[in-house]
Amino acid sequence: MTVAPSATPQSSPGSVIRVSPEPGAAFDVVYERRGSGEPMLLLHGIGHHWQAWEPVFDALAASYEVTAIDLPGFGASQGLPPGHPYGVATMVPVLAQTARALGMDRPHVVGNSLGGLLALELGLHGHARSVTALSPAGFWNEPERRWAFGVLKALRLGAASMPEGLVRRLADTVAGRAALVGPIYHRPGRRAPEAVRAEVAALRGAVGYADTLAAGRSPEARFTGDITDVPVTVAWGDRDRLLLPRQGVRAKRALPDARLVRLPRCGHVPMNDDPALVARVALDTAARA
C-alpha cells in the first residue's frame, strides 16, 4: 500500500491525500487539520463527515495537532476501489497508512460509532497511542444490531428521498431538525441549520453506506480483542437511542483495563450535545499516555 499526499499536512480545510491500497487502485481521502503538538486523529460514524467534530475541534486543537478525516466512502472522500470491502480487515490498514502519510506516528485516536470501533481496532493492532471510543459499534447483540441498522436504513432512505427544498425548510426549525437528526442527537435543536443540511447531504451522498452496513453483519464487526498497552476510554451517552447505553457494560467486560465513562444527557453523537464534556474525556485519555 502506498500513499502520496496531494497537499501538505498543514494546508487549508478540504485538503486531500491519495491512498493506494495496491498499484492501480487509488482513492482520495479528504481531511481537516488544526493545532500543534502530538498527533490526534478523529474518526466519524457511518453516514457522517469530518464536520461532526466541529463542536470539539478547536478545544482539542488547543493541545494537540488534530486531524479529522472523511472516512473512505463518506463525506467528500472517495469510495474504496472495486474489490476492497468496507470491513475492519480492510479499513484498519488503510487508516493506519493514511495516518502515516499525514505525518502522524501512532496518533491518539478518537472515534464515534463506526469510528469508535475503528479506533479500538487501531489501538488493538498497535496504531494508536491512546483510544477514546464514543458509543462505539461492535458491542451489540443481534436484536440490538437489527434495531440500529433499521434506524440507519430509515435515515438513509429519508435523506435520499427528501427534496432539497423540504430539507432546507425543516432544518430552519427546531422541530424540523429533530425530525432530520433526532435519532443521533439528544438535543438536535442545538445543531445549526446549515450543519443539519450538510449532514443530510453527506448521508445522501455516502457511497460506502450500503457496503459498510453489509460488512457490519459480519462477525468481524464485533470487537472481541483486549487493549492493555495504551490508555483506552469508552464513553457512552446515556440518551443514546441508536446503540443502547447497556452496550457500554459489555465494552467494559471486553476491555477490563479501559475506563468506562457515562455522558449525561448525550445522544449517539455526543460532540454536539456536550462539547466541553466530550473534549475533556478525550483530552484526559490522551494525557494518560
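Colleague: How many helices and strands does the protein chain have?

Modeller: This is a predicted model. Its protein chain has 11 helices and nine strands.

Colleague: What share of the residues counts as buried, and what does the chain expose?

Modeller: Buried means under 20% relative accessible area. Of the 289 residues, 56% count as buried. The chain exposes about 11,300 Å², with 55% of it supplied by carbon and sulfur atoms.

Colleague: What share of the contacts links residues 24 or more positions apart?

Modeller: Such pairs account for 69% of the contacts with a separation of 6 or more.

Colleague: How far apart are the mean positions of the positive and negative charges?

Modeller: They are 6 Å apart, for 31 positive and 26 negative charges.

Colleague: Now the strands. Why is β5 called largely enclosed?

Modeller: Five of the five residues of β5 are buried, so the rest of the structure largely encloses this strand. Glu 65, Thr 67 and Ile 69 point one way from β5, while Val 66 and Ala 68 point the other way. Both sets are buried.

Colleague: How do you know that β4 is mostly covered?

Modeller: The count is five buried residues out of five, over residues 39-43. Pro 39, Leu 41 and Leu 43 point one way from β4, and Met 40 and Leu 42 the other way.

Colleague: What makes β4 and β5 a pair, and in which sense do they run?

Modeller: Pairing needs at least two bridges between the strands. β4 and β5 have five bridges, in the parallel sense. Met 40 stands opposite Val 66, and Leu 43 stands opposite Ile 69.

Colleague: Which sense applies to β3 and β5?

Modeller: Antiparallel, over four bridges.

Colleague: Why is Ser 113 called buried?

Modeller: Its relative accessible area is 7%. The cut-off is under 20%, so Ser 113 counts as buried.

Colleague: What is the phi of Ser 135, and where is this residue found?

Modeller: Phi of Ser 135 is positive, about 45°, although the residue is not a glycine. Ser 135 is in the loop between β7 and α4. Its relative accessible area is 1%, so Ser 135 is buried under the 20% cut-off.

Colleague: How do you know that Val 200 is buried, and what is it in contact with?

Modeller: Val 200 lies in helix α7, residues 193-204. Its relative accessible area is 6%, under 20%, so Val 200 is buried. Contact means heavy atoms within 4.5 Å. Leaving aside neighbours within four places in sequence, Val 200 is in contact with Ala 159, Val 167 and Leu 180.

Colleague: How far is Val 200 from Ala 171 in sequence and in space?

Modeller: They are 29 residues apart in sequence and 9.7 Å apart in space, C-alpha to C-alpha.

Definitions and conventions: Residues are numbered from 1 along each chain as its sequence is written. This is a predicted model: local features need pLDDT of at least 70, side-chain atom pairs count only at pLDDT 80 or more; totals for chains, interfaces and linings use all residues. Side-chain values use heavy atoms; hydrogens and water are left out. Helices (H or I, at least four residues) and strands (E, at least two) are DSSP runs, numbered from the N terminus. Buried means under 20% relative accessible area, exposed over 50%, partly exposed in between (1.4 Å probe, protein chains only). Accessible areas come from the Shrake-Rupley method with a 1.4 Å probe; for residues, only the protein chains shown count as cover. Lys and Arg count as positive and Asp and Glu as negative; His and the chain ends are not counted. The place of a charge is taken as NZ of Lys, CZ of Arg, CG of Asp or CD of Glu.
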